[in-house]
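Please look through the model below, with attention to its helices, strands and charged pairs.

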Amino acid sequence: MKKYVKLFFTLMVCFTLSFSLYSAVSAQEKPTVTDDSETVVEEIPEDPTLTDEPEETTEITTPEETEPSTEETTALSEEENNNEEEATTEEEESSDPKTNTGTPVPGIGNVKYAISKSKTATQLDENFETKVTLSLPAGEEKLATDIVFVLDKSTSAEIEAQALNMLTDLQNTAQTTGADINVGVLIFNQQANTTGFHDLATDYSVIESEIKQDISSGTNTHAGLLAAEQMLSGDTAVADSRKYMIFVSDGITYMYNETPTAIGLENADKTNVFAGPDNWATKYGSNAAPSEGWNQYLGNVAVQYEADGGAYEHAYGVAYDTTTYISYDEKVNHAMSVDVALLKTYQTYQALASKYHCYAMTAGTSSGGEYTWGPSFMNFLANGETYSFDSIKNDIYYLVDAGSTVTDYIGYTEDYNFDFINEAKALSLKVGDQTYQAVETEENTYSFAEGNYVVAYEPGDMANGEMFTLTTNVPISQFEPVQLTYTLKLTNPKTEPGTYGQYDANGSLGYDGLYTNNSATLYPVDTNGQKGEPEEFQKPTVSYTVEAEPEKPTTDEETPTKPDKKDPEKNKGADTAAQTNIGLMLSLASMAVTGAFILVILNKKRA
């Protein structure tokens with residue numbers, strides 16, 4: 001019996017060892033995947049055409065600077081010495097007013113402003129449409145204007161009447177359009193006399209009385225222009241482009257500065273010293289305009305005045321002593337009172353003309369016939385132009401004249417494309433407060449206000465350029481903007497989620513992309529019928545956003561997943577369970593076999 005028991009335990013030990021060995025072998029054949037596993041990178045076959053050698057580059061070399069030869073150096077030195085000697089000689093001559101002729105002064109250059117205009121676009125709506133508005137003048141500009149009259153005390157009643165007629169017409173404009181027109185009147189004698197700006201719409205009678213006032217004693221054109229500069233620059237609420245200065249004088253002046261200043265000159269018989277228009281003939285021998293021309297004359301005066309350094313200046317009306325006047329024998333070497341008054345008048349007028357619209361008009365006086373240098377000087381300030389109050393009124397009132405056009409090319413690129421809505425109902429035009437609807441007069445042509453304004457549309461594509469032309473057949477006023485509004489549609493909006501473009505209503509921010517127009521150009525005609533230089537409008541930009549589709553909602557409960565046979569990481573638990581079940585089955589099987597074996601042995605023994 002003991003023999004069989006020992007045999008049983010021996011078999012059990014063998015089966016247990018077999019099971020342990022099986023489990024160990026299984027663990028080695030099926031590796032476990034962990035988070036620290038290394039990523040295997042597939043090697044790419046080497047391209048035999050690629051090498052590690054650097055790309056060949058073209059080296060740009062500059063020729064080396066060479067030292068000048070000894071002969072060249074000597075020649076340069078001699079030339080430099082000669083130049084220094086010439087410069088020294090010129091400097092010595094310039095310090096002597098007797099021999100220096102002075103540098104001619106530049107001519108009067110009136111400022112040229114860009115014509116007021118604007119272009120705006122609304123943001124794209126849900127149909128990807130925008131309304132675009134062209135405006136002449138600019139829609140956002142304040143319709144305010146400053147006009148300053150600088151009038152000689154001797155201005156004739158005829159000229160005063162012409163100025164008042166111009167103001168009467170402008171007053172009607174101010175009352176009907178609501179525009180602000182401010183008028184200042186400066187009457188100058190020894191000094192400038194003014195009471196400031198007045199509203200033309202309501203204070204016409206005050207302005208009229210100031211223009212007609214009677215003032216005498218002296219003529220100081222320089223003081224009048226200085227006061228005009230103070231008035232115009234002081235009104236910061238009005239743009240410089242809408243400021244006008246009208247200077248009316250016979251040009252006969254002999255004092256200067258805000259506080260009248262003069263220079264005394266001794267007369268021919270050396271019995272009197274004075275400052276007055278007769279100083280001209282005393283110094284130059286006649287009352288004719290300078291033979292060398294006004295530019296050269298004023299250049300000469302500038303040098304003499306600077307050389308004198310104010311030695312002969314004094315307050316006008318103060319008695320002279322032996323050291324504060326120019327003697328008759330030295331008259332040609334110094335700037336006398338008329339010289340300096342004309343020089344300073346020129347300098348101040350030029351400064352005004354560089355900022356504002358300026359007009360120099362010659363006043364017809366009896367003195368102008370005697371002292372002909374005076375009216376000649378006024379003609380020099382006017383650049384030879386002959387102005388009338390009617391032409392000045394047109395400049396103030398009108399922006400552009402009939403015949404002016406705007407060409408507008410609709411916005412498109414390879415990335416986006418706008419289409420012009422070619423329908424009468426999509427177009428309108430506003431003049432001041434009056435709105436006009438489009439009337440289609442023929443195919444692709446629309447008329448407004450009984451033909452005063454016409455839009456001619458030209459279909460196109462990416463290659464040919466879709467565009468239209470706006471033509472005005474009447475003048476456009478500075479005080480009643482003309483505004484054309486039309487509709488564009490973006491034909492190819494994006495579908496991917498995101499924001500496209502940046503919105504800039506008037507194009508002032510300079511964004512790039514989604515332009516409503518590729519270009520818009522004004523071709524102006526002025527009130528004299530002259531064509532001006534083309535001017536570009538700014539280009540508005542628009543934008544839109546494509547929203548992403550909302551994600552589907554997820555539940556908190558997790559659905560059990562079946563083991564993935566292809567993913568060992570997911571199947572680690574399943575593999576372990578399978579191994580355990582196999583081991584248990586083998587153990588039970590071994591016990592069953594052992595039990596059966598014992599039963600067989602026992603039965604044989606009993607038999």
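This is a predicted model: local features need pLDDT of at least 70, side-chain atom pairs count only at pLDDT 80 or more; totals for chains, interfaces and linings use all residues.

Residues are numbered from 1 along each chain as its sequence is written, and side-chain values use heavy atoms, with hydrogens and water left out.

Helix 3 covers residues 157-177; helices (H or I, at least four residues) and strands (E, at least two) are DSSP runs, numbered from the N terminus. Its 21 residues reach 30 Å from first to last C-alpha, close to the 30 Å expected at 1.5 Å a residue (1.5 Å times one less than the number of residues). Among its buried residues are Ile159, Leu167 and Ala174; buried means under 20% relative accessible area, exposed over 50%, partly exposed in between (1.4 Å probe, protein chains only). The cover over the buried residues of helix 3 includes strand 3 (144-152) and helix 11 (389-397). Gly178, with a positive phi near 80 degrees, follows the helix.

The model has 11 salt bridges, each a side-chain nitrogen of Lys or Arg within 4 Å of a carboxyl oxygen of Asp or Glu. One joins Lys119 and Asp408 at 2.6 Å, N to O, linking strand 1 to strand 14 across 289 residues. Lys119 is buried at 2% relative accessibility, and Asp408 is buried at 0%.

Tyr457 lies in strand 20 (residues 453-458) and counts as buried at 10% relative accessibility. The side chain of Tyr457 makes a polar contact with that of Glu466 at 2.5 Å (N or O atoms within 3.5 Å; within protein, one must be able to donate a hydrogen and the other to accept it, and residues adjacent in sequence count only if both atoms are side-chain atoms).

How values were computed: Contact means heavy atoms within 4.5 Å.
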